[in-house]
Amino acid sequence: MSGPALKLTAYLGERDRAGGAILADALVDCLARRRVAASIVLRGAEGFGPAKVLRTDRLLTLSDDLPVVVVAVDAPERITAALGDVAALGGDGLLTLERARWAGLGERPEHGLDAPGEEAKLTLWLERGARAGRSAGDVAAVEVLRRHGVDGATVLLGVDGTLAGERRRARLRGGNSGVPRLVLAVGAGECLAAASADLAALLGPVPATLERVRVCRRDGAALAAPREIPATDAAGLGLWQKLTVFAGVHDRVDGAPLHETLVRTLRRRGAAGATTLRGTWGYHGDHAPHGDRLLALRRRVPAMTVVVDTPERTRCWFALAERVTAERGLVTSEIVPAARIAAGGHTAGGLRLAARVG
Amino acid sequence: MTTIAWVGVAMLGGLGAVGRLVLDAAVSSRTGGLFPWGTLAVNLSGTAVLGVLAGAALGGDARVVAATGFLGSFTTFSTWMLESQRLGEEGDVRRLWLNLALALLLGLVAVELGRLIGEAL
């Protein structure tokens, strides 16, 4: 697959409903009906939305409506077509649209990015059962990415979604080997381009997308600030920014888990929402790939916290992200050209793509 | 045990579960998601009430209905253990031990205070 793509992301609550159905489920129904090439439902570990109610799987009482993130990617026309159905579902939550393109893994192995020196996010859409020789596909992919000096990679396990336009829902029984799983890597364009040739050889022609990203911090080193962008484009369409903080669940700051500190402070300072997703395997910076080990009492999986907000407020949240990642963690920023927040009958923003900035 | 006691255990058991949910949620939403204060509040308050019942020497069916039915579903050992294990998982050993120690020590204090109050009734 090659050419431009569009990525739709929905940040919802696990128990949000649309009509009689569960919203996340109804959303994947829409995507499957439109035969969207790749989509995934990810269960969050911690977070809050516009209602400011904290949800965390750390405490039993606060774990009854955890965040859910649905990500879908396909050609812009197909996503736009599905978007009509998705918007008609109603319900609360945050919807974002981001420009991406198919990385053409395995089709053009020498494929590079727009400009040398640019940084990117590579997303590999694997099946849970994907293999690379004798090892698991995701673990082998992370190893390749690390070998090529990519700044970080995180494996996220899906519970539902579509691959090749077909519904892939995890069931309580059965191997679930066809259910989607993501490998999300951020780093320098050259490193990703070099890695993609090896990844293609390893995994075959799996769907993969590339997005523009800026790596802001890596293990305490300040590399760049998020791009300074105006609040709207020339036509007056709102622009948004997304910050992502990658660190292990075992990474701590001020005596508390890093991600918990970040989410707690964001909520106290009045952010509209934040979501923490736990991965199953991955690394960032110079750390070796890590995940849970059999019979170990402590978890060592990677996790990522995502916050989407206006450019002005993103500056505040970046200052906060800088503080919690003073020693460890990877911080990236992205431009989000369309976002719509719906809460309690009120909506802000919209789903028309703002013009490309810069 | 009489049929009425059985029915009473079932009804007050339901009520205790609802009470626990309400108190735990109220405390947890105020204290944030890091330390299980909600579960501690539920267990300590339930323990104190059981102390009162013991002190007042409540007997017969009333005791079974109130202690086993209501408090049995109001307080929770399993959640206390689960949340302690979660703290350990995240490597928060200090909070893990704090959660275990606070519940044990304050629990004994609560039951003793409750018993004194119950005896004075």
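1. A residue counts as buried if 20 or more other C-beta atoms lie within 10 Å of its own, as exposed if 12 or fewer do, and as partly exposed in between, with C-beta atoms placed from the backbone. The model is a predicted one, in which local features need pLDDT of at least 70 and side-chain atom pairs count only at pLDDT 80 or more, while totals for chains, interfaces and linings use all residues. Residues are numbered from 1 along each chain as its sequence is written, and chains are lettered from A and ligands numbered from 1 in the order in which they are written.

2. The buried residues of α6(A) are A:P311, A:T314, A:W317, A:F318, A:A321 and A:V324. They lie on the same side of the helix, because they cover an arc of only 120 degrees around its axis (the arc of the directions from the helix axis to the C-beta atoms). The cover over these residues includes α5, β19 (240–248), β20 (252–253), β25 (302–309) and β26 (330–336) of chain A. Helices (H or I, at least four residues) and strands (E, at least two) are DSSP runs, numbered from the N terminus.

3. The length of α6(A) agrees with expectation: its 14 residues, 311–324, should span 20 Å at 1.5 Å a residue, and the end C-alpha atoms are 20 Å apart. The expected span is 1.5 Å times one less than the number of residues.

4. As a whole, chain A has six helices and 28 strands. Its radius of gyration is 19 Å, close to the 21 Å of the globule rule for 358 residues, so chain A is as compact as a globular protein of that length. The radius is taken over C-alpha atoms, and the rule is 2.2 Å times the number of residues to the power 0.38. The C-alpha trace of chain A spans about 50 × 50 × 45 Å along its principal axes, and 53% of the 358 residues are buried.

5. Of the contacts in chain A between residues at least 6 apart in sequence, 79% join residues at least 24 apart. A contact here means two C-beta atoms, placed from the backbone, within 7 Å.

6. Which residues have the most contacts inside the largest nonpolar core? They are A:L27, A:V70, A:L124, A:A141, A:V183, A:A185 and A:L199, in a core of 110 residues. Helix α4 of chain A (residues 189–203) gives the most to this core, with eight residues. A core is a set of buried Ala, Val, Leu, Ile, Met, Phe, Trp, Tyr and Cys residues joined through C-beta atoms within 7 Å. Beyond its neighbours within four places in sequence, A:L199 is in contact with A:L105, A:L124, A:A141 and A:V144. A second, separate core has 14 residues, among them B:V42, B:A48, B:V49 and B:V111.

7. The two chains meet through 18 residues of chain A and 17 residues of chain B. On the chain A side, the elements giving two or more residues are β21 (256–257) and α5 (258–268). That side divides into nine nonpolar, three polar and six charged residues. Ala, Val, Leu, Ile, Met, Phe, Trp, Tyr, Cys and Pro count as nonpolar, Asp, Glu, Lys and Arg as charged, and the others, Gly among them, as polar.

8. A:L54 lies in the loop between β5 (46–48) and β6 (55–56) of chain A. Buried or exposed? A:L54 is buried, with 20 other C-beta atoms within 10 Å. Not counting residues up to four places away in sequence, A:L54 touches A:F48, A:L62 and A:R267, and also B:S29, B:G32 and B:G33. The C-alpha atoms of A:L54 and A:D65, eleven residues apart along the chain, are separated by 9.4 Å.

9. In chain B, helix α4 (residues 77–89) has B:W80, B:E83, B:S84, B:R86 and B:L87 buried. Their arc of only 155 degrees around the axis puts them on the same side of α4(B), whereas B:F77, B:S78 and B:Q85 are exposed on the other side. The cover over the buried residues includes α2 (37–55) and α5 (93–120) of chain B. Just after α4(B), B:G91 takes a positive phi of about 80 degrees.

10. Two residues deserve a look at the backbone. Most residues other than glycine have a negative phi. A:R35, not a glycine, has a positive phi of about 50 degrees; its place is in the loop between α1 (23–33) and β4 (38–43) of chain A, and A:R35 is partly exposed, with 14 other C-beta atoms within 10 Å. A:D254, also not a glycine, has a positive phi of about 50 degrees. A:D254 sits in the loop between β20 and β21 of chain A and is exposed, with 9 other C-beta atoms within 10 Å.
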